[in-house]
Amino acid sequence: MRSYDVERRRYPRFPQTLEIEVNPVPPFDSTDNSMTPILGRAQNLSKGGLCLLSQQPISQSSLLRCEMSAAEVPVPIPTLLLVRWTKKPKVRGNNYLSGLQFLI
């Protein structure tokens with residue numbers, strides 16, 4: 001087996017389609033509370049985090065308040081996430097993928 005064939009992820013990923021709204025948490029010393037929410041869709045989900053598809057890039061190491069909507073749940077599920085990476089896929093379009101780690 002080649003070294004790049006080994007799965008490096010700690011937890012298995014499960015395909016999921018969840019509507020997600022993420023709100024960047026402003027830095028502690030910031031007085032700007034007008035940050036715009038980012039709407040997206042989860043592509044997969046694991047015990048440790050999720051992969052978000054959105055039309056906006058999200059800066060690495062950003063802290064995000066997130067609300068996930070699931071069909072069977074009548075209220076959004078709140079959580080706190082840390083952006084581990086963001087990249088633009090090689091397909092056409094204005095979409096970005098971001099790896100988000102659950103903090104709570």
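The model is predicted, so local features need pLDDT of at least 70 and side-chain atom pairs count only at pLDDT 80 or more, while totals for chains, interfaces and linings use all residues. Residues are numbered from 1 along each chain as its sequence is written, and side-chain values use heavy atoms, leaving out hydrogens and water.

**Strand pairing**
- Strands are DSSP runs of E with at least two residues, numbered from the N terminus, and two of them pair if DSSP finds at least two bridges between them.
- Strand 1 and strand 2 run antiparallel and are joined by seven bridges; P15 has N44 in strand 2 as its bridge partner.
- Strand 1 also runs antiparallel to strand 4, with six bridges, and P24 stands opposite L64 in strand 4.

**Nonpolar core**
- A nonpolar core is a set of buried Ala, Val, Leu, Ile, Met, Phe, Trp, Tyr and Cys residues joined through side-chain atoms within 4.5 Å; buried means under 20% relative accessible area (1.4 Å probe, protein chains only).
- The largest core has 15 residues, and I20, V22, L52, I58, L64 and L100 touch the most other members.
- Strand 1 (14–24), strand 2 (38–45), strand 3 (49–54), strand 4 (63–69) and strand 5 (77–87) each supply at least two residues of this core.
- Not counting residues up to four places away in sequence, I58 touches V22, I38, L52, L64, V83, T86 and S98, where contact means heavy atoms within 4.5 Å.

**L103**
- L103 lies in the segment after strand 6 (96–102).

Terms used:
Buried < 20%, exposed > 50% of the residue type's maximum accessible area, 1.4 Å probe, protein only. Helix = DSSP H or I, 4+ residues; strand = E, 2+ residues; numbered from the N terminus.
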